[in-house]
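Colleague: Could you walk me through this model, from its overall layout down to single residues?
Modeller: Gladly, let us look at it together.

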Amino acid sequence: MGEKKETKRVRAKRVNYSRYGYYFIAPFFIVYCIFSLAPLLMTFYYSFFEYYRDGLNVIGPNFVGFENYVNLFKKGDFFQYFGNTLLVWIIGFIPQIVVSFLLALIFTSHRMKIRGKTFFKTVMYMPNLIMASAFAMLFFLVFGDTGPFNQILIDLGLIDEGIRYLSTVWGTRSLIALMNFLMWFGNTTILLMAGINGIDPSLFEAAEMDGANSWQVFWKVTLPLVSPIVLYVLVTSMIGGLQMFDVPEVLTRGTGGTNRTSMTVLMYLNRFLKTRNYGDSGAVSVILFILTALLSLAVFRLFYQPERKGGGGR
Amino acid sequence: MKRLLLFMLAVVSVFVLFGCDGNGGEASGLSEDKGKTLVIYCWNEEFKSRFNDYYFNEANNNNMLPNGVKVKWVMTPSEGNAYQNSLDEVLPRNDELGDDEKVDLFLIEADYALKYVNSEYTLDIINEVGLTQKELENQYQYTKDIVTSSDGKLKGTSWQATPGLFAYRRSIAKEVLGTDDPVEVQKRLSDWEKFEAVAELMKEKGYYMLSGYDDAYRPFTNNISQPMVKDGKLKLDDKIFEWIEQTKKFTENGWNQRTTLWSETWAQGQGPNGRVFGYFYSTWGINFTLLENSLENPDEPAQVGNGIFGDWAVCEGPASFYWGGTWICAAKGTDNLNLVRDIMRKLTCDRATMKLITLETLDFTNHKQAMKEIAEDPEYGSSFLGGQNHIALFVKAADKISMKNASFYDQTITEEIQTAMKDYFDEQVTLEQALENFYKAFQEIHKNIEIER
């Protein structure tokens, strides 16, 4: 009897604590439901409606089934802009991951023993502190037809006439990629440094003792062991990259650059918002959501397959 | 879990309850001129300074606002459609708003005027606000046409008319054409063929005739033969194609500097280091934008000696056009109707006030009689334009403007065709591709309009 009472009290205590736990997390979930989950579900809902403004007149909401989706696929623009987004993200991401790895390896190397690591980390992280739109505005001015960058090149005698960077396809794309690279390589470097520092030093020592050179150490020890971090960087960067908006929007003034070759999916979406076209913009959002989920899953699969094979024994 | 759900439900319902309380409690239907706050929506300082200087006039101790009425300015920049978005948000529920929030007056621009004019949210100036035809008779007809709704009601009124002219550099004219006299220069520029001949001369001397791609857009498109969107169909006017053809020619021949409107390089071309002969500009552009850009040092007084102040002159150019302009509308639901009427009367119909505005600010005001008086005044001249009486030219140009072919879609057409054609002028795409991009962009915004190719 006494024993039973004891357990009851203990159980009551536990329930009590967990209730407080729920109270503490409740604000987040409430805010999340109101400001994230509800709009998310509404997006799905409205993507099946004709609902926009013509001047000041509101048209709809009229249920149209999959018409918004069909139109989107028929026009085909969406996939062009999805391609643009992916392309610009990749040409920014490749230098980002390479440079970040290089810097992370240099900063964590026992042999080099770099001084002032904190200082460099701060400096590298700096570009990320600037608002993306302000950064893009800066580039817009610096790389303007008569902007300071051209002025310097002319003064140095390298060119006779200003280059019109933003009037060419690759000029615009490269600038966007460059900005994304500058903004994110510091962040990635710090993540990779943390990952490399987390590796047991004895593994490196063992590899060295076995006569592995730096190249082999990197490919055989470092890379496999930080691969979860690399995966994390890749997936977050990809999700962020697919939602690229402010940099190209400001840099091209919302036009998507020459022949719309730098228009991203979100910029396309933004064009519908001018007339509050919830139907079409909802359809764009839903497709982007699905594609992002699929791509993230694919990347996940790709990275985890070898490990599963290795651990297949049990 | 159940408790958690209940708790969340409780919190949510508190939110909802509070929300309802805040919005629904206000008593609507305040009668006329009960309002103690005059709320004005606008996108820049221009009207505010006119209002403060010529209506409110605090400095002269001439406070004409009925005692106790505060003025509240709600200023939202036009960029990215922000201004229209703010209006669209507030106008439909104007009746329900409190005195402090309720829009009384708002300003609109020509390119999208019809959107508001044809809506139920603007008051009829004559039948509802109470200005008379007689009071409005001295306004230029086109300034009334723009803001006349499809059922014939006048829905706005303006203190300015914005005829356009060709502003050119006197020093360059002297060097290339041998004269800087506006009458003589006009003879060399009176049609597009002559205009192009002069462009070639400019190039030979190392100057550009125009700055860039969009400069001649309005002189062409203000002369279209019918509205470009009719019965739900968009058909580009021949004038648009003339503009494209001419601009392509100018670009290929090096007669322009390949800029876009409002860009850094475009503005620099109007300054001391500019190599551009002239710009198509309307009233406000000449007296505000061009004047500011011409100065070497913007902090010093604007006078001869500062940059190229005084080196500019104006002539009619090859085609008549207008550009821009601001109209005042009375918002449906205003609780200061008498005050609104008085402001409109004083600022847009009163001869003495409007003449004073022109004399003091160089702006061209919307009063035929007053403008005629200044135009005929031999003493009057603008020192910025080397002593020229530009009002005389504006008076001539203003009479020629016709607005009957404007449509509510003009703003989208203007913005999107300039964007799309830039790629063509830049030799990045073919004309067909550029047109395709334009149609695509147009339909993203007006999905219910068909394209007629």
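Modeller: Domain bounds here come from an automatic or database domain assignment. The model is predicted, so to speak of local features pLDDT of at least 70 is needed, side-chain atom pairs count only at pLDDT 80 or more, and totals for chains, interfaces and linings use all residues. Residues are numbered from 1 along each chain as its sequence is written, while chains are lettered from A and ligands numbered from 1 in the order in which they are written.

Colleague: Thanks! Which domains does the assignment give for chain B, and what distance separates their centres?
Modeller: Domain 1 of chain B covers 37-161 + 324-375, and domain 2 covers 164-320 + 382-451. Taken over C-alpha atoms, the separation of the centres of these two domains of chain B is 28 Å.

Colleague: Which helix supplies the largest share of the side of domain 1 of chain B that touches domain 2 of chain B?
Modeller: Two residues are in contact if their C-beta atoms, placed from the backbone, lie within 7 Å; the contact takes 20 residues from domain 1 of chain B and 21 residues from domain 2 of chain B. Helices (H or I, at least four residues) and strands (E, at least two) are DSSP runs, numbered from the N terminus. On the domain 1 side, α4 (113-117), α7 (141-145) and α17 (368-375) of chain B each supply at least two residues. The largest share, 4 residues, comes from α17(B).

Colleague: And how do the residues on that side of domain 1 of chain B divide by class?
Modeller: For the classes, Ala, Val, Leu, Ile, Met, Phe, Trp, Tyr, Cys and Pro count as nonpolar, Asp, Glu, Lys and Arg as charged, and the others, Gly among them, as polar. On the side of domain 1 of chain B that touches domain 2 of chain B, the division is 11 nonpolar, 4 polar and 5 charged.

Colleague: What radius of gyration does chain B have, beside that of a compact globule?
Modeller: The radius is taken over C-alpha atoms, and the globule rule is 2.2 Å times the number of residues to the power 0.38. For 453 residues a compact globule would come out near 22 Å, and the value for chain B agrees with this: 25 Å.

Colleague: Is B:Trp159 buried or exposed?
Modeller: B:Trp159 lies in the loop between α7 and β4 (164-169) of chain B. Leaving aside neighbours within four places in sequence, its contacts include B:Arg50, B:Leu347 and B:Met354. The C-alpha atoms of B:Trp159 and B:Thr326, 167 residues apart along the chain, are separated by 8.0 Å. With 28 other C-beta atoms within 10 Å, B:Trp159 is buried.

Colleague: Which strands stand at the edges of the open sheet of 3 strands in chain B?
Modeller: Two strands pair if DSSP finds at least two bridges between them. The order in this sheet is β6-β7-β12 (chain B), with mixed pairing, and 2 bridges join β7 (residues 233-234) to β12(B) in parallel. One side of each edge strand is left without a neighbour in the sheet because each has a single partner strand; these are β6 (229-230) and β12 (450-451) of chain B.

Colleague: Over to chain A: which residue in the hairpin of β1(A) and β2(A) takes a positive phi?
Modeller: β1(A) and β2 (residues 57-63) of chain A pair in the antiparallel sense over 5 bridges, and A:Arg53 stands opposite A:Val58 in β2(A). The hairpin has 2 residues between the strands, and a positive phi near 65° is taken by A:Gly55.

Colleague: Lastly, which helix gives the largest share of the side of chain A that touches chain B?
Modeller: In this interface 23 residues of chain A are in contact with 26 residues of chain B. α1 (2-46), β1 (49-54) and α11 (265-273) of chain A each supply at least two residues of the chain A side. The largest share, 4 residues, comes from α1(A).

Key. A residue is buried if 20 or more other C-beta atoms lie within 10 Å of its own, exposed if 12 or fewer, and partly exposed in between; C-beta atoms are placed from the backbone.
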